[in-house]
Amino acid sequence: MDGSTVGTAYWHRTGDGRVQCDVCPRACRLNEGQRGFCFVRMRQQDAIVLTTYGRSSGYCVDPIEKKPLNHFLPGSAVLSFGTAGCNLGCRFCQNWDISTSRETDTLADEAAPSAIARAAARLGCRSVAFTYNDPVIFLEYAIDVADACRDAGVKAVAVTAGYMCAQPRAEFYRHIDAANVDLKGFTGDFYRRTCLASLDPVLETLLYLRHETGVWLEITNLLIPGLNDSDAEIDAMTRWVAGQLGPDVPVHFTAFHPDFKMRDRPATPSATLTRARRIASDNGLRYAYTGNVHDPAGQSTRCHECGAVLIERDWYRLGAWQLTGDGRCVTCGTPLAGVFDGPPGTWGPRRLPVRIANQ
Ligand code: SF4
């Protein structure tokens with residue numbers, strides 16, 4: 001094994017001489033030397049290994065609103081990175097150069113967990129985010145980074161599709177402070193045809209996070225014209241979120257841009273995002289947002305009790321702030337759901353690529 005390859009715990013032998021990975025519902029059954037669907041896990045010396053430990057496709061300091069998380073340390077900087085590969089096969093992938101990478105060249109940067117934690121603290125980041133591709137597939141590395149960050153007073157954020165098996169899920173989220181789960185649609189058919197995956201495990205992850213962990217949860221739903229943007233589907237999804245997860249889970253409706261294997265669809269009109277937001281509000285969700293467009297009305301946070309604007313936003317830029325230090329409405333004192341800690345961060349909309357050298 002080289003330095004980037006480590007053993008893993010979630011696999012078992014099958015009766016036919018193959019070895020099955022138990023990290024995600026794809027349940028890849030591998031012969032010696034074969035890689036899983038995600039590319040980064042493979043069978044080597046009769047066991048499943050992770051081949052990209054300590055390797056990244058690059059590091060960048062972003063606003064936390066870009067993950068998107070609107071109720072988790074607003075305005076703060078987050079050190080973001082991903083690796084290569086993915087365990088879903090979304091035809092509309094917006095990070096396809098990373099997620100479909102079969103080249104170890106994509107993994108230009110190499111950093112130990114302690115180096116990432118030190119860099120995050122030095123750069124003034126309140127958190128580190130596993131993003132661009134799904135941390136589920138490199139969970140051993142993500143867990144070590146999250147632990148090193150926690151020791152340095154930096155929180156850990158997972159940006160994920162939530163397509164994961166129960167056992168590794170429980171281990172992974174013990175180390176995570178906040179998650180944005182991409183709920184890609186609300187029909188099994190959409191997941192099957194467009195993402196090469198299934199809906200039920202994602203719903204199980206959402207239920208698990210909300211009811212069995214203290215992880216702060218927000219949801220993203222990318223709306224694609226003609227595929228998952230009907231009134232009926234948005235209504236069913238937001239009813240489910242309100243009923244099963246409660247009214248305080250923020251939902252971000254974001255705009256699709258033609259990409260990867262889906263260039264035949266137009267970009268999502270902002271009217272679609274506004275319509276989705278209205279349906280969500282009608283179904284009782286308190287915090288429904290629009291994303292990937294300029295829409296201050298659809299991106300600002302209001303007090304669900306008195307209607308005052310608590311956090312004004314335009315894309316990733318914060319405006320007026322009407323919250324007390326512990327996250328209550330200045331006007332009526334109602335607590336705002338989320339994780340707040342003093343005044344807002346001042347990172348703004350900047351995106352700063354950084355190099356992290358092992359020391
Ligand atoms: S994590 Fe990768 S190797 Fe494991 S089951 Fe999922 S796609 Fe297959």
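**Entry 1: ligand shell.** I sorted the residues around the ligand by class and got seven nonpolar, two polar and two charged. The model I am working from is predicted. Next I listed the names. I found Cys21, Val23, Cys24, Arg26, Ala27 and Cys28 around the ligand, along with Gly36, Phe37, Cys38, Arg41 and Asn87.

**Entry 2: cavity.** I searched the whole structure for cavities of 30 Å³ or more, and one turned up. I looked up the space in the largest cavity: about 90 Å³. Then I asked where the ligand sits. I found the ligand in the largest cavity.

**Entry 3: cavity lining.** I noted 13 residues lining the largest cavity. Which of them lie nearest its centre? I wrote down Cys21, Cys24, Cys28, Cys38 and Arg41. I find these five names in the ligand's surroundings too.

**Entry 4: a sheet elsewhere in my notes.** I turned to an open sheet of three strands. I read the strand order as E17-E18-E19, with antiparallel pairing. I then checked the edges. Strand E17 covers 301-302 and strand E19 covers 317-321, and each pairs on one side only.

**Entry 5: E17 against E18.** How many bridges join E17 to E18? I found two, with the strands running antiparallel and E18 spanning residues 309-314.

How values were computed
Residues are numbered from 1 along each chain as its sequence is written. This is a predicted model: local features need pLDDT of at least 70, side-chain atom pairs count only at pLDDT 80 or more; totals for chains, interfaces and linings use all residues. Side-chain values use heavy atoms; hydrogens and water are left out. A residue is near a molecule or strand if one of its heavy atoms lies within 4 Å of it. On a 1 Å grid over the protein atoms alone, a cavity is a set of points where a 1.4 Å probe fits but cannot get out, and a pocket is an open set with protein on both sides within 12 Å along at least five of seven lines; lining residues have an atom within 4 Å of a point. A molecule sits in a cavity or pocket if more than half of its atoms lie within 2 Å of its grid points. Ala, Val, Leu, Ile, Met, Phe, Trp, Tyr, Cys and Pro count as nonpolar, Asp, Glu, Lys and Arg as charged, and the others, Gly among them, as polar. Two strands pair if DSSP finds at least two bridges between them. Helices (H or I, at least four residues) and strands (E, at least two) are DSSP runs, numbered from the N terminus. Grid points are joined across faces, edges and corners, and a volume is the space filled by probe spheres set on the points.
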